[in-house]
Amino acid sequence: MAHNFDDSALATRAIHAGQEPDAATGAVVPPIYMTSTFKQDGVGKMRGGYDYSRSVNPTRDVFDAQLAAVEGAQYAVALSSGLAAIDVLLRSTLQPGDSILLGDDVYGGTYRLLSKVFVPWGIHLEVVDVTDLDAVRSKLSERHFAVVWVETPSNPLLRITDIWATASLAHEFGTKIVVDNTFASPVLQHPLDDGADAVVYSTTKYIGGHSDVVGGAILLNDPQVYEKVTFLQNAAGAVPSPFDSWLTTRGLKTLDMRVKRHSANALALAQHLENAPQIERVLYPGLESHPGHDIAARQMHGGFGGVLSVQLKDGLEAAKTFVSRTKVFTLAESLGGVESLIEHPAAMTHASVSGTALQVPDNLVRLSVGIESVDDLIEDIDQALDLRS
Ligand SMILES: *Cc1c(COP(=O)(O)O)cnc(C)c1O
């Protein structure tokens, strides 16, 4: 239920926001300021406020401005990884004794950070099926939670949470809602406009888009939280390098086009796989058979994303064989790059949640559908699924 967001200008903002040609030379692409420190014209007389690159760097500034414009947010803060973004946002806003309510299907590393670092640090953690509003209401009525954490579409089960409804519910209880928008990217989904208090990204994925850089970001409208986040980032140091900032800036310029192509390819593949005899179930929110399809159709704009998962009828061994036989799809963790990737979550990305409430089925295979020619992708999957030989 997005209200104010203007999708039509997103591609233009991605290319132009923060991208003023260099004042000294006219270079159309803003330069990479590969420097740790800046000359001062007398003690404390800095040029443009630049003193030291942990605190501030022009290449990072350019990326922050571009990202804030694309998201339609007041503030963007780029960090050294998606997990650094999650850590800095939560550590700068929570205190020992606070409680956090986490969706039961999230990136494995998010659960590991919360359960292995935040819990010993004094944070109370509970897990809930965040797609079930009654279950969320019941948790929120039991105790005060500072934050409810939502990933939609979720990783790796592609579950859909209604951001607007969950935000309204959380706010009734004085709870903030954070959305990890990595899978949808700012192209397809606008959580701040749907009532979220903050958005985080692993920019490693669609925003960078070329599997060549690790990064993260926090998007906000609240000036006080922005102040706390930038303070902790500078105090603790989780900054992206100027080169990483520049690479991600370059990726973001083509995000709109890429994500739409990722989505179209993924939908075609999902529809194809629904008819494959080796497949028990296809998990993709673009399919009408998906339980969250109606919410996704309302909440996502221009596609349903490039990730889909499948469960194989013949179980674990069939899943392992499948992922080892593809030729265009590369067996690798991560997602959101131009090239197609395939992986086995139970043994790879989600190995760290084995034995917890977040454990995933062992016949599950996750595909990050790239922007290659879709016929080649379908042909590759078909030959890999031929499990008889
Ligand atoms: C990859 C990922 C993260 C973590 O990001 P890094 O850049 O690897 O630290 C967080 N959330 C989601 C949904 C992800 O896919």
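Reply: L158 sits in the loop between strand 4 and helix 6. Helices (H or I, at least four residues) and strands (E, at least two) are DSSP runs, numbered from the N terminus. The model is predicted, with local features needing pLDDT of at least 70 and side-chain atom pairs counting only at pLDDT 80 or more, while totals for chains, interfaces and linings use all residues. Residues are numbered from 1 along each chain as its sequence is written, and side-chain values use heavy atoms, with hydrogens and water left out.

L158 is not a glycine, yet its phi is positive, about 60°. Most residues other than glycine have a negative phi, and most peptide bonds are trans. L158 counts as buried at 1% relative accessibility (buried is under 20% relative accessible area, exposed over 50%, partly exposed in between; 1.4 Å probe, protein chains only). The loop, which runs between strand 4 (147-151) and helix 6 (163-172), also holds P153, and a cis peptide bond with omega of about -10° joins T152 to P153. P156 is in that loop too; the peptide bond from N155 to P156 is cis, with omega near 10°.

S185, in helix 7 (residues 185-188), is another non-glycine residue with a positive phi, about 70°. S185 is buried, at 1% relative accessibility.

Next, the domains. The assignment, which comes from an automatic or database source, gives domain 1 (7-253) and domain 2 (255-385). Their C-alpha centres are 25 Å apart, and the contact (heavy atoms within 4.5 Å) takes 43 residues from domain 1 and 43 residues from domain 2. About 3,200 Å² is buried between domain 1 and domain 2, with carbon and sulfur atoms giving 64% of it; buried area is the accessible area (1.4 Å probe) that two parts lose on being put together, summed over both. On the domain 1 side, I160, L188 and Y206 lose the most area to domain 2, together 24% of what that side buries.

One salt bridge is counted between the two domains (a side-chain nitrogen of Lys or Arg within 4 Å of a carboxyl oxygen of Asp or Glu). D162 and R298 form a salt bridge, with the closest N and O atoms 3.1 Å apart. The whole structure has ten salt bridges.

Helix 6, at the end of the loop, takes part in another of them: E172 meets R137 at 3.2 Å, N to O. Because E172 lies in helix 6 and R137 in helix 5 (residues 133-142), this pair ties together parts that are 35 residues apart in sequence. E172 is exposed, at 53% relative accessible area, whereas R137 is partly exposed, at 36%.

A further salt bridge joins E343 and R366 (3.3 Å, N to O). E343 is in strand 11 and R366 in strand 12, so the pair links parts 23 residues apart in sequence. E343 is buried at 1% relative accessibility, and R366 is buried at 2%.

Strand 9 (residues 307-312) and strand 12 (residues 364-368) pair in the antiparallel sense over five bridges.

Technical notes: Two strands pair if DSSP finds at least two bridges between them.
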